[in-house]
Amino acid sequence: MTAFGKLIRTTAFRLTLFYLFLFALFAASLVGYFAWNTRRLITEQITSTVNAETGEITDIYNRRGLRGLVFTIESRALRPGSNLYLVTTPEGKAIAGNVGSLAPGVLATTGWSETAYRRLEDQDRADHRALVRVTELSSGFRLLIGRDLDERRRMFVIVAKAAQWSVLVVVVLGIAGGIFVARRVLQRIDAMTGTAQQIMAGDLSGRLPVGRSGDELDRLAGNLNAMLERIEALMKGLKEVSDNIAHDLKTPLTRLRNRAEEALAKSSCEADYRAALERTIEESDGLIRTFNALLMIARAESGQARGNMDDFDAADVASGIHELYEPLAEEDDMSLRLKTAPAPLYGNRELISQALANLVENAIKYGKPVPASQPGTVVSLDAKQILIEARREGDQVLLSVTDRGPGIPSADRKHAVERFVRLDSSRTQPGSGLGLSLASAVATLHGGELRLGDAHPGLIATLAIPARAASSDRLAAQTQDVPQKVA
């Protein structure tokens, strides 16, 4: 398709032609209305002048008779630019005036008529047009007084030419403006099309050009760029998940297979087989937990969990998690402390409970105080304490877990929330590296964020979620949370 063909097929050019047609039609109608009113005004002026003169001459005839009428007609007919005058006998013979010929039948009836005529002194043979009035006088004489319509014709010609030039100028300027606008729009659309083809070819880094005018195309390009950034992030996350699954799940699957082979090769009694099966089941449960965590993260990041949102109190969630994990902390020589205040929240209770449970379990595993450098030094009870808090602060609800362990260096905090990432200090502990990833995904789903800060010493992990007023009747119907353990 040629460049001109693309140009005339654009919506902008077609809209320009459509509005150009409407504007030209409006302009022609306006000029036509002006011409019609001009014609009517000239006609009214002619009739008013002829009526006045007819009345005046008729009065002269009544007072002075035929001789005075003829004298008056002859004297007025000699004036430059005079009207048309004609006096005829009852038989139709002209006795005075400046009219040489008329259209047949004009003098047969009285009143107004438009007729062709020639003056007596005209040298050319062309007929002219005039608006005349025929009046019957006493004794059967007829008086014709009229006015040439050439002035009205010239005025109409002037208006018609002005209308033609106006329409021509409007059409030319409209087409030129349409081509200019269509070319600019087409250039921007072609740039967007090129970027779209680049993206379809696999380069997700392409972005649509955004101008500085802030028009609808710029707003569309901005929204599409935001969507492309989200798609690129999701595709990058999907690739990372695929790579991480292939890398991180290979080890437990290989270990699972090796244990099964070892059981077949070395087990000699039922107890050995049972022990091998128990280890296999334990390893399989760990894999199932990992896959369940991945599915939960995928649900949170895709927004599918928004359909299960309701009103509840974040303090109830924190109390349930404290009650559930307090025995586990005591087994690990740690203690849980709870500090809550009413914090109405609107969201997915199950996912928020799971995210808070992950933060608590991480604190139990990795929040143990650092061993003292001096032998015999006793670790204080406060250093073994983990604090769970739920409160409202401004327009946010904060669910935080604070420990007194080694914490996470500030340089590693952004990296720590990625899937399957386990820092060097945590590789000796069991886990899949998905706990913080799930907590971050849940916070993002609710329009909030996961904050990792320094507790001096230790780590404070906070779920900051926008708050909404909760309905009291819904709070009474909430049940105790039993979260899935994902470390």
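Analyst: Glutamate 114 is partly exposed, at 38% relative accessibility (buried means under 20% relative accessible area, exposed over 50%, partly exposed in between, with a 1.4 Å probe and protein chains only). This is a predicted model, in which local features need pLDDT of at least 70 and side-chain atom pairs count only at pLDDT 80 or more, while totals for chains, interfaces and linings use all residues. Residues are numbered from 1 along each chain as its sequence is written, and side-chain values use heavy atoms, with hydrogens and water left out.

The salt-bridge partner of glutamate 114 is arginine 129, with the closest N and O atoms 3.9 Å apart (a salt bridge is a side-chain nitrogen of Lys or Arg within 4 Å of a carboxyl oxygen of Asp or Glu). This pair links distant parts of the chain: glutamate 114 belongs to strand β4 and arginine 129 to strand β5 (residues 128-136), 15 residues apart. Helices (H or I, at least four residues) and strands (E, at least two) are DSSP runs, numbered from the N terminus. Arginine 129 is partly exposed, at 43%.

Both strands belong to an open sheet of six strands, ordered β2-β1-β6-β5-β4-β3 with antiparallel pairing (two strands pair if DSSP finds at least two bridges between them). The edges are β2 (94-97) and β3 (99-102); each has a single partner strand, so one side of each is left without a neighbour in the sheet. On average, neighbouring strands of this sheet are turned by 35 degrees against each other, direction ignored; axes are lines fitted to C-alpha atoms, for helices over the stretch in contact, and angles run from 0 to 180 degrees between N-to-C directions. On the β3 side, β4 (residues 111-119) pairs with β3 in the antiparallel sense over three bridges. Arginine 118 in β4 stands opposite serine 101.

The whole structure has 16 salt bridges. One of them joins glutamate 44 to arginine 40, with the closest N and O atoms 2.9 Å apart. These two residues are four apart in helix α2 (residues 11-77), about one helical turn. Glutamate 44 is partly exposed at 40%, and arginine 40 is partly exposed at 36%. Glutamate 261 and arginine 257 meet at 2.5 Å, N to O; they too are four residues apart, in helix α5 (residues 250-266). Here glutamate 261 is partly exposed at 38%, whereas arginine 257 is exposed at 53%. A network of salt bridges links Glu53, Glu56 and Arg76.

For the nonpolar side, the largest core has 42 residues, and those with the most contacts inside it are Leu356, Leu359, Val360, Leu399 and Leu463. A nonpolar core is a set of buried Ala, Val, Leu, Ile, Met, Phe, Trp, Tyr and Cys residues joined through side-chain atoms within 4.5 Å. Its largest share, nine residues, comes from α8. A second, separate core of 17 residues includes Ile42, Tyr61, Ala96 and Leu131.
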